[in-house]
Amino acid sequence: MALLRSIELDSGLSVTNAYARVDNRSGGNKTEMNFALNYYISQQAFMDGKAFVKQEHYSFEPSVDEGAPNDIKQCYEHLKTLQEFADSIDVLEE
């Protein structure tokens, strides 16, 4: 899974429909999950091994309940609860 979202880079350039994916996770315990969200110019840029153009860090309290989604899915679910991701588009990958 990934998200498409328009962003502004530190340089002031805008990227429409940047390809955002959870690439790094740590602290996977009952109280805190930390992860980095890396933005690429496009899905193709990611698939071609290009460098990400922006990185953001997030944390949340994961669910460890029986039947809870895996940690990656929970990261995306957390992002979708944040106002800045309200207009993001899900990209389902095979």
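I began with the order of elements: from the N terminus on, the chain runs β-β-β-α-β-α-β. I note that this is a predicted model. My tally of the secondary structure is two helices and five strands.

Next I looked up the overall dimensions. The radius of gyration is 14 Å, close to the 12 Å that the globule rule gives for 94 residues, so I put the chain down as being as compact as a globular protein of that length. I also noted the span of the C-alpha trace, about 40 × 30 × 25 Å along its principal axes.

Then I checked burial and surface. Of the 94 residues, 33% count as buried. I found an accessible surface of about 6,000 Å². Carbon and sulfur atoms account for 46% of that surface.

I turned to the core. The largest nonpolar core has 21 residues. Those touching the most other members are F35, L37, Y39, L79 and F85. I traced where the core comes from: strand 1 (2-8), strand 2 (14-26), strand 3 (33-40), strand 4 (54-60) and helix 2 (71-80) each supply at least two residues.

Among contacts between residues at least 6 apart, 46% join residues at least 24 apart.

Last entry, charges. I counted 8 positive and 16 negative side chains. The centres of the two sets lie 3 Å apart.

How values were computed:
Residues numbered from 1 in each chain as written. Predicted model: local features only at pLDDT ≥ 70, side-chain atom pairs only at ≥ 80, totals over all residues. Heavy atoms only, no water. Helix = DSSP H or I, 4+ residues; strand = E, 2+ residues; numbered from the N terminus. Rg over C-alpha atoms; globule rule 2.2 N^0.38 Å. Buried < 20%, exposed > 50% of the residue type's maximum accessible area, 1.4 Å probe, protein only. Contact = heavy atoms within 4.5 Å. Areas by Shrake-Rupley, 256 points an atom, 1.4 Å probe, with all protein chains shown as cover. Lys, Arg positive; Asp, Glu negative; His and termini not counted. Charge placed at Lys NZ, Arg CZ, Asp CG, Glu CD. Core = buried A, V, L, I, M, F, W, Y, C linked by side-chain atoms within 4.5 Å.
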